[in-house]
Amino acid sequence: MPSSEYTTCFYCSEYSKIAQDYPVNYATKDEKSFTPRCFLHWEYKCSKCGKDRHFNGISWCSTCKKFTCLFCVNEQMQKEEFLIYDYYYKIPCHECGSFNPALDYAEYEGTHPFQIGDIKPEEDIMIWMPTYKDQIKTQEFPHKAWGLKRILSLGKYVEFKRLDSLEGYDPKTTWDAIAPTWAPIFSEGGDYHHKYKILPEVYRLLDTLEDKMILDVACGEGNVARHLAKHGSNVVGIDISKLIDFAIKRENKENLGIQYLKLSAENLATKFEKASFDKVVCNMALMDIEKYDSVIEQISYVLKEDGIFVFSITHPAFAWPTCTSFRVPRGSQRNEDKLRMVLNYFDERPTLLDYGHETLSLQFPRPISSYINELVKNNLILQEMSEPKASEELVKKFPRNAYRDDDIFPDFLIIRTIKKLNYKLF
Ligand SMILES: [Zn+2]
Ligand SMILES: [Zn+2]
Ligand SMILES: [Zn+2]
């Protein structure tokens, strides 16, 4: 076995976790990267395009003695569990058309050109002999969805708990539990994100506030409602969680004229008349609401014609739980070491998120198109979309939040719509 002063091949090491006696080679390629590799698990020159290709994207035809990469032909996917994978590519020879497995599988089944003696490797490497194949097949495969887990394990391991059913979970209870830690943060304008990125945009898009009847849906502890009231609006705030108790307590002291109701956003139409508000705002809540479609329908119902609806959400494409981030090296505090990765944009299962409070938050991820189509269906016509980007000033002031982070992708999405009853879309 290679001693510790040598770097070992990343692939050999991973394979050896599954196959105990897999020979681990020294790494002589990409040694300084976090995936150093041996000559066997390196690149092979495609005989058609002449380009060096990663071993898992190129096949060997022992009849024609040719390599073919998957950029030169149309590959097929073959589902089969082997080593740390659950599929491999079948890549047709560009000369005779016969399908051959990519070299990761070829090595596994013993048909790699080094194994069958078609090519002599330029470097001394130990080769995994095909006799292992049958033993391996009967083993457990702990690396299902291996690619993702491997990458995550290189950095901070983040896994979101996706729920197949909501049984045992209830958003109200969740928020009730979070309320005591949440309320103090937001009583003074919110955290960094709210203060510098979300709220300035929400207020800009709400536009004139004076003498407007405004409904604050899922108002929480009243941060937004108070701002609106101080700027001359007549505000009604509704929320189903205990957060509203903090809002009411404060209103009793400050007397801004805000009316608070403990009401679910899903029951707006039971409490308010049709067309009774000039504007509706819903700050950072729709992604936490299961029946967002019903809420949007009722918001449209309580809005006057030409009324404005503004809402902010965590960005459906770039924020948790669609995305996760990790750092290589682990623990690095420089953002250039931070990588962001999209997990599954289309996974709409309810998700438990750990924002560092005592209880996990429940979120209902959905694609951007779901929101937009629901708005349009309810006569709420899109006027402006905002994806706040950190300004240079913000980058200077909060480099760890903003540099190569908030200035290169958006964490939040803010949308302004107008209610138009007879708007012809097509
Ligand atoms: Zn290797
Ligand atoms: Zn090629
Ligand atoms: Zn061939």
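Trainee: Which residues does Leu286 touch, not counting residues up to four places away in sequence?

Mentor: Leu286 touches Tyr292, Val295, Ile296, Phe309, Phe311, Ile313, Arg366 and Tyr371; contact means heavy atoms within 4.5 Å. The model is predicted, and local features need pLDDT of at least 70, side-chain atom pairs count only at pLDDT 80 or more, and totals for chains, interfaces and linings use all residues. Residues are numbered from 1 along each chain as its sequence is written, chains are lettered from A and ligands numbered from 1 in the order written, and side-chain values use heavy atoms, without hydrogens and water.

Trainee: What makes a set of residues a nonpolar core?

Mentor: The members must be buried Ala, Val, Leu, Ile, Met, Phe, Trp, Tyr or Cys residues, joined through side-chain atoms within 4.5 Å. In the largest such core, of 58 residues, Leu215, Ile238, Phe272, Leu286 and Phe309 touch the most other members. Another core, of 32 residues, lies apart from it and includes Val24, Cys46, Leu83 and Leu103.

Trainee: Why is Cys46 called buried?

Mentor: Buried means under 20% relative accessible area, exposed over 50% and partly exposed in between, with a 1.4 Å probe and protein chains only. Cys46 has a relative accessible area of 2%, and is therefore buried. Cys49, at 32%, counts as partly exposed.

Trainee: What are the protein donors of the zinc ion (ligand 2)?

Mentor: They are Cys46 (SG), Cys49 (SG), Cys69 (SG) and Cys72 (SG), lying 2.3 to 2.4 Å from the ion. Donors are N, O and S atoms within 2.8 Å of the metal (3.2 Å for Na, K and Ca); water is not among the atoms, so sites may look incomplete.

Trainee: Why is the site of the zinc ion (ligand 2) called tetrahedral?

Mentor: Four donors count as tetrahedral if all angles lie between 85 and 135 degrees; four count as square planar and six as octahedral if opposite donors are over 155 degrees apart and all others between 65 and 115, and anything else is irregular. The angles among the four donor atoms of ligand 2 are 102 to 117°, and the site is tetrahedral.

Trainee: Which residues coordinate the zinc ion (ligand 1)?

Mentor: Cys9 (SG), Cys12 (SG), Cys38 (SG) and His41 (ND1) do, at 2.0 to 2.3 Å. The angles of 104 to 114° among these four donor atoms make the site tetrahedral. Along the chain, the donors of ligand 1 follow the spacing C-x2-C-x25-C-x2-H. Cys12 is buried, with a relative accessible area of 0%, and His41 is buried at 0%.

Trainee: Why is the pair of Tyr11 and Tyr15 called tilted?

Mentor: Rings of Phe, Tyr and Trp (its six-membered ring) pair if their centres lie within 6.5 Å; planes under 30 degrees apart count as stacked, over 60 as edge-to-face and the rest as tilted. The structure holds 26 aromatic pairs. In the pair of Tyr11 and Tyr15, the centres are 6.1 Å apart and the planes at 55°, so the pair is tilted. Both Tyr11 and Tyr15 are buried.

Trainee: What makes the pair of Phe39 and Phe114 stacked or tilted?

Mentor: The rings of Phe39 and Phe114 have their centres 6.0 Å apart and their planes at 5°, so the pair is stacked. Phe39 and Phe114 are buried.

Trainee: Where does the charged end of Arg366 sit?

Mentor: The charged end of Arg366 sits over the ring of Tyr292, 3.7 Å from its centre. A charge sits over a ring if NZ of Lys or CZ of Arg is within 6 Å of the ring centre and within 35 degrees of the ring normal.
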